[in-house]
Structure formats: structure tokens, C-alpha cells
Amino acid sequence: MKTKFARIIGSIVAPRGFLASGVFCDIKRLGTGKGSEKGRKRDLALIVSEVPATVVGMFTTNQNSTTPVKVCIKRVKKSVAQAIVVNSGNANACTGKQGLRDAFTLTALVAKALHMPAEQVLVGSTGRIGVMLPMDNLKRGILDAVTLLGDAPECADHAAEAIITSDTRRKQIAVAFKLRGKPVCIGGICKGAGMIQPGLSATGRRPAAISDKVSRRGAPNGGGLHGHATMLCFITTDAAIEAKALQTALAEAVAQSFNCITVDGDMSTNDTVLALANGLAGNSELRTPNSALRTFQSGLNHVCLELAKMIVRDGEGVSRFVTVRLSGARNPAEADAAARAVANSSLVKTSWNGGDPNWGRIIDALGYSPSKVVEEMVDIGYSAPARRKILWSLKGGQPTKASFKELCAAVAPKEFDLHINLNLGNAGAIIYAADLTEKYVEFNKGDVSDAKSLGG
């Protein structure tokens, strides 16, 4: 019997015992480039559990991971946390020993204000790389955020606003369901619009959660330091669940959501997913695989996938959301590699933007992927989202009788599915991708005549 997940308001404060707030403390500084033109947008978020909670995480596998990521990886190992402090406008990345001291200072300030151990406070950052944090502003902001903590839906709204950078809107969700008769909630907020192709793992080390047995062009092991954007996600639940079980559940949820999205093929230094479970729902603690744990897993999968799709739909300059559904690969690693080659191809992405059903660019991208591809066996087609009726443009490596007009109509909608069958095996992959637009280039190219606009 399929579990019903009721969408409810409140996102991260919908589960019992969670508080949140978001304040403006001018972290990026008004008038200093892109992002600061949003005015007094909240830029410091605080998420707190009223009781110590089980905590797990998934972290970027970028080799230049940031201080906040390193701090979280170390503290999450203890499996207990009670607060998360997050800032936008500054990544605290490539900031050396001072950046590390600043991260510890932030967690210590929160701990002191909330009367909890500093080791139970986690930290997240997103924004410009290579710029020191304005600590005086942050210190004032933390005190303000503590006084404004609450469990009203607007408190979650404020926190969701505080973590965004180039995003155009807040991204949040909450669902309610029952575990053996006990009402349970899972809520989440996230941010991300550019520098998006996460490759998250529990330790921050490679390989990521998806199989990575072959070298992959365009796979989520690349990513540089240009630009300043990140995907961050913070999940709360009042379910009682043991740390090992929660880590396994989060890894599964991330593997089919955040690790399956791409906007521009770049992995951030700061990508982080943290989940807090405080047990206040009063259910029997979830430990071993059973129907209750499977229900929780389904709820977590739903929350993570919905948030991940929100990121792609709000990608920088994005006008089309494309689900790449690849099947028939020899193994999961090759399926993922082939799908990503297509999803990250600049030529494919620009054709999506123009509404051009150019299968030649698709088969070209498949060919330069490290996956086994046999031209005479490849099928390529299009459908409406999640629909079974497919209009094939290529069958067995040869064009079909579908007219150009029909194919153009298939890729004209703002959202559609691209189907690829390599017909070489039973493995498949799904990647949620976006087109590439002039707006993306305009936003990211910078202006050498104005130093304030660079790096931001």
C-alpha cells in the first residue's frame, strides 16, 4: 500500500520541537556586486532543535572543500547536534586558518547564546569564495537571530530566505505521514541556482554516493572555484531514528535527488546536506529495515527529490527543465556517465534553449562519454514529463519518420523528458538538467570595468 504524504506548511519548523529564524546582517555588504542588489535580504539563518537531535550529513567531494564542510564532517561523527547556523553572501572558502577560527567562533557564539555545547552546533556558508567573513556583522546577527527564533511558518520562511544567493525564490517543503500510528513530519529548506552539480558523500571523500568505477567526463567529481554558488539543504524531522539508519536513509535519498541534478556541471566547494531527527514524534526508534523504516525512507526520498528539482527549475537563467532518462547501459556507472555527458553538453543545452530537437548533438555527447555506445543501437526520443508515450527521433541509430514539426512540438514545452536507450544492458540513470541561456552567461561573465562585480 502506497504511503500518502500530505504537504503541509512550515517546512523546517513543521516537525515538533524545531525553531528557526533569519536576519539581515549585511554579510556581502550592500553595493558590492551581484547579490547585494537584493537590498536588505536576510543573510543569516538559525535552525534549532529544542532537544539534542540525531544528526547525519552528506558533503561535497570537491577537493577544495571549505571550512564549514570540514567542521561539519568532524562534528557529525558524534551523531548529536542541536543547532545549525548558516550564512549567505560569503562562502568562507579558501580563507585559511582565519576562516577556520571564524567558523569555530560562530558556533561558539550560538552555543553560548543557547546554552548548549559548541560541538553540537553546525555551520554552513554560501557566497563569494576567498573573502573573509565580516565577523562583527555576524556576531550582531547571531544575537538577533537567537531572539527571533520561533516555530511559526514565517520563521521558516525567513530562514529559507536567509540561505539563498542567486536564487530567485525560497525553496522549502514539509510532509506529514504516520509511522505505526504516530504522526511524523519531515521538513526541509534548500538553496542553489548556479555552480550546481553536487557529488555528495557522507565523508566528503570520493567516490560520491553514485557508483564511480569508471573515469567520467562531466561526472560530479569536477568543479572549479570560479563563481560563488552552492547547494545547501537542511532537513528536520521529529521521527525517532537511530543515527546509522538515518545516515543510510539520507545517503539513499541524496543518491536519487541532489546527486542527480545539474545546472552548469560545476561542483561547489560548500555543498552540504544536514538532517536532524529529534524523536519528539514519540514513535519507536527506527533501527532495522522494516515497514516503518521503509515509510520514512519514502518520505525522505520525496522531500529530497522535490527540493532538488526546485534547484534546477530556479537555475541561473534557466528556461527549460529536462529530465534525461537513460536506459540500456552495461552498468550503473556507464549509465550515469552517458546521461551526464548529454545533460552537461553546452551544445545540447543551448539546443534545448532554442527548442531545437537536435539528436545529432545528443549522440555526439554519448559518443565522447567513457561509456560503451554502439551507434547502430541507440534510440533517442521525447515525451511529456513522466509520460509513457514517446516520440522517437532516432531508432537503432537511424532517424525515424517523425517530422521536424512534431519533434519541435515535443521539445517546445518548458518541461519535457529526453529518453535514451543504449540497448546494451539493463542499467539506467536519471539526471535532472537545465538548458543554457544568454541570461546565464550575462549573470556569470562579470564586468572587468567594475571590480565590485567580479567573483560575485
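How many of the six residues of strand β9 are buried? Six of the six are, so β9 is largely enclosed by the rest of the structure. Here, buried means under 20% relative accessible area, exposed means over 50%, and partly exposed is in between, using a 1.4 Å probe and protein chains only. Helices (H or I, at least four residues) and strands (E, at least two) are DSSP runs, numbered from the N terminus.

Before we go on, a word on the model. It is a predicted one, in which local features need pLDDT of at least 70 and side-chain atom pairs count only at pLDDT 80 or more, while totals for chains, interfaces and linings use all residues. Residues are numbered from 1 along each chain as its sequence is written, and side-chain values use heavy atoms, with hydrogens and water left out.

Strands count as paired if DSSP finds at least two bridges between them. β9 is joined to strand β7 (residues 182–191) by six bridges, and these two run antiparallel. Six bridges also join β9 to strand β10 (residues 272–277), this time in parallel. To find these pairings in the structure, look for Lys191, whose bridge partner in β9 is Leu232, and for Thr236, which stands opposite Leu276 in β10.

Leu232 counts as buried at 1% relative accessibility. With contact taken as heavy atoms within 4.5 Å, and not counting residues up to four places away in sequence, Leu232 touches several residues, including Val86, Ser125, Ile189 and Asn270. Leu232 and Ile189 are 43 residues apart in sequence, while their C-alpha atoms are 8.3 Å apart in space.

Thr237 also lies in β9 and, at 3% relative accessibility, counts as buried. Its side chain takes part in polar contacts, meaning pairs of N or O atoms within 3.5 Å; within protein, one atom must be able to donate a hydrogen and the other to accept it, and residues adjacent in sequence count only if both atoms are side-chain atoms. The side chain of Thr237 reaches the backbone oxygen of Cys185 at 2.8 Å. A polar atom of that side chain also lies 3.1 Å from the backbone nitrogen of Ala239. Leaving aside residues up to four places away in sequence, Thr237 touches Pro15, Phe18, Leu276 and Phe296, among others.

## Nonpolar cores

A nonpolar core is a set of buried Ala, Val, Leu, Ile, Met, Phe, Trp, Tyr and Cys residues joined through side-chain atoms within 4.5 Å. The largest one has 77 residues, and those with the most contacts inside it are Phe258, Val273, Phe296 and Leu418. Helix α6 (residues 291–313) gives the largest share of this core, eleven residues. Another core, of 28 residues, lies apart from it, with Val69, Cys72, Ala159 and Ile164 among its members.

Ala159 is also one of the buried residues of helix α4 (residues 153–162). The buried residues of α4 pack against β2 (18–23), β3 (44–60), β4 (80–90), β6 and β7.

## Aromatic rings and charges

A search of the whole structure finds three aromatic pairs. Rings of Phe, Tyr and Trp (its six-membered ring) pair if their centres lie within 6.5 Å; planes under 30 degrees apart count as stacked, over 60 as edge-to-face and the rest as tilted. Two of the pairs are set out here.

| Pair | Centres apart | Planes | Type |
|---|---|---|---|
| Phe5 and Phe177 | 5.2 Å | 85° | edge-to-face |
| Tyr382 and Phe416 | 6.0 Å | 70° | edge-to-face |

Phe5 lies in the segment before β1 (6–7) and Phe177 in strand β6 (residues 171–179), so their pair ties together parts that are 172 residues apart in sequence. Phe5 is partly exposed at 23% relative accessibility, whereas Phe177 is buried at 5%.

The other pair links Tyr382 in strand β12 (residues 379–383) with Phe416 in strand β15 (residues 415–421), 34 residues apart. Tyr382 is buried at 2% relative accessibility, and Phe416 is buried with a relative accessible area of 1%.

A charge sits over a ring if NZ of Lys or CZ of Arg is within 6 Å of the ring centre and within 35 degrees of the ring normal. The charged end of Arg313 is placed this way over the ring of Phe321, 4.4 Å from its centre. Likewise, the charged end of Lys395 sits over the ring of Trp392, at 4.3 Å from its centre.
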